[in-house]
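Here are a few notes to read alongside the structure. Have the sequence and the 3D view open as you go through them.

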Amino acid sequence: MAKARLQIIPLGGLGEIGKNMTVFRYGDEIIVIDAGMAFPEEDMLGIDIVIPDFSYLIENKDKIKAILITHGHEDHIGSLSYLLRDVSAPVYATRLTCGLIEGKLKEAHISNYDLHVVKSGDEFKAGSFKFGFFHVCHSIPDSCGIYLRTPIGTIVHTGDFKFDHSPVDGEQTDMYKLAELGHRGVLVLCADSTNAQNPGYTPSEAVVTRSLMEAYGEARGRIILATFASNVSRIQMAVDAAVHYKRKVCVFGRSMVNVVNIALEMGYLTAPEGTFIEPEEINRYRDDRLCILTTGSQGEPMAGLSRMADGSHRQVTIHAGDTVIISASPIPGNETSVGRTIDSLMKLGAHVVTSATTRVHVSGHGSQEDLKTMLSLVHPKFFIPVHGEYRMLCSHAELAESLGVKKQNILIGENGSVFEFTNRSAKINGKVQAGPVFVDGLGVGDVGNIVIRDRQQLAQDGVVIVVIALEKGSNQVLAGPDIVSRGFVYVRDSEALLTEARDRIESVLDRCEAGNVTEWNAIKTQIRDTLGKYFYDRTKRRPMILPIIQEVK
């Protein structure tokens, strides 16, 4: 019997940073690795988060054997609660990751789930797949890479990784397992490309420990440290430095409070009794005895640090003498908002320490030498760079080629590409539906590109509403036209413009009456066209025009 083909289908994480999700299909069996989310870009007005399009998985939900999670960062677990509303499959993840996932599922009121706690080194079977977990270093404990053994060959998915020889938790990336997999033969390697353009090795987390100790030692007032909520390793360093300098630690930001509580409970975060204090206790301590941990390292408007910077935080007011440490580098696209936050903090008299000037942050992702080490250990036949914007995928592909992977065996695709393999060949064979799904409040996917475009138009040029009352039957104008403008022009200064607009609407209504046009939609379209052209000629702006016709008996 001919062997089924192996398909690898990324639904997120290619050509972008975030919302990582990859489907592995052999015959009629599917394994999913990761279910992440991404933060909205600046032009996605009002959007809370962005998740992958699950259409392909929902269509094939009876074929899904397991969902495997590499680690607990939002860009790998953030959309799982949305996926599990439509798909029921066992989820496998390490202990801390399971703790973070459970917190998210409780918040989303999902009670019917099947969560399996795994350890690195564990191996499982699901249909034709055997899958196993191996430890990798990243900026959150309990991170793993995953290998899948299929009837036509082994696939290795690195997850997010770097090679760190002095990690905070003492656990190094499992080079022995990678070498063993490489020695046995790996058909396909899918590897993290986030830092594929950075030369050299990514420095060890130990570098940050030293820098934080120095920054804490120099600080005279309060220390306010902002980092990613899920960066448990960094939080541990911040707590260790606070304990060393006899400072109490107070945590702000809902997501950080959740992660710290889960990590403390599970033993991934350790601190002497009495280190952590409640927000209402901070006024009892001198400034030089306090360390505040908060979210907002990316300048997000609603996060703790941004609210402290603009004076809207209820419990913490920044004052001269505070040292603010931003222990994260801006995600591409967030530089402006991070810069704005730093400016505001400095205006308030705070001393700001960032990764641009001091080693208070190192990446959790491997740079070029780390990526070369991974390729050399695994020695794959075929290679797919994943997790990164297009230029990063291309840089990673060039590295693989320089290490002897044949050019024709390196496949660069995009979300939705179907990579198809036999044990001798590889090709991109078609596409499945993939793309961003916007989450706005409680609505998932109900805000599409058209709604976003409307929001952009409203934000740029405003809205003009035209209200007319027509008599039922005769279509005679009984009242109006009245014009209401918001965000387009200041009405008091533009009376001549709006009077002329009113005249133009009246002549449209006269024309419609003379031509016996009674269909409301036709009347509205003519009003919209006439006003749109007039406003553009006079102001070079295109406000949204909403004609409202009321029928009066």
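This is a predicted model: local features need pLDDT of at least 70, side-chain atom pairs count only at pLDDT 80 or more; totals for chains, interfaces and linings use all residues.

1. Of the contacts in the chain between residues at least 6 apart in sequence, 71% join residues at least 24 apart. The chain has 15 helices and 25 strands, and its C-alpha trace spans about 85 × 75 × 45 Å along the principal axes.

2. Next, the surface and the interior. Of the 553 residues in the chain, 53% are buried. The accessible surface comes to about 25000 Å², with 49% of it belonging to carbon and sulfur atoms. As for charge, the chain has 58 positive and 67 negative charges, and their mean positions are 3 Å apart.

3. At 1.5 Å a residue, its 13 residues (95-107) should span 18 Å, and the end C-alpha atoms are 19 Å apart, so the two values agree. Its buried residues are Leu96, Thr97, Cys98, Gly99, Leu100, Ile101 and Leu105. If you look for what covers them, you will find, among others, the helices α2 (74-77), α3 (80-86), α7 (232-244) and α8 (254-266), together with the strands β6 (91-94) and β7 (115-118). Just after α4 comes His109, with a positive phi of about 55°.

4. Please also look at helix α11, residues 368-378. Asp370, Leu371, Thr373, Met374, Leu375 and Val378 are its buried residues. Their cover includes the strands β11 (153-157), β12 (186-192) and β18 (380-386), as well as the helices α5 (175-184) and α12 (390-402). After α11 you reach His379, where phi is positive, near 50°.

5. Now for the cysteines: how many disulfides does the structure hold? The count is zero. As a reminder, a disulfide is a covalent bond between the sulfur atoms of two cysteines. For Cys98, the closest cysteine sulfur is in Cys144, 11 Å away, and that is too far for a bond. With a relative accessible area of 3%, Cys98 is buried.

6. A last point concerns Cys394: is this residue buried or partly exposed? Its relative accessible area is 24%, so Cys394 counts as partly exposed; the cut-off for buried is under 20%. Returning to the disulfide count of zero, Cys394 is in no disulfide, and its nearest cysteine sulfur, that of Cys190, is 16 Å away.

Terms used:
Residues are numbered from 1 along each chain as its sequence is written. Side-chain values use heavy atoms; hydrogens and water are left out. Helices (H or I, at least four residues) and strands (E, at least two) are DSSP runs, numbered from the N terminus. Buried means under 20% relative accessible area, exposed over 50%, partly exposed in between (1.4 Å probe, protein chains only). Contact means heavy atoms within 4.5 Å. Accessible areas come from the Shrake-Rupley method with a 1.4 Å probe; for residues, only the protein chains shown count as cover. Lys and Arg count as positive and Asp and Glu as negative; His and the chain ends are not counted. The place of a charge is taken as NZ of Lys, CZ of Arg, CG of Asp or CD of Glu. The expected span of a helix is 1.5 Å times one less than its number of residues. A disulfide is a pair of cysteine sulfur atoms within 2.5 Å.
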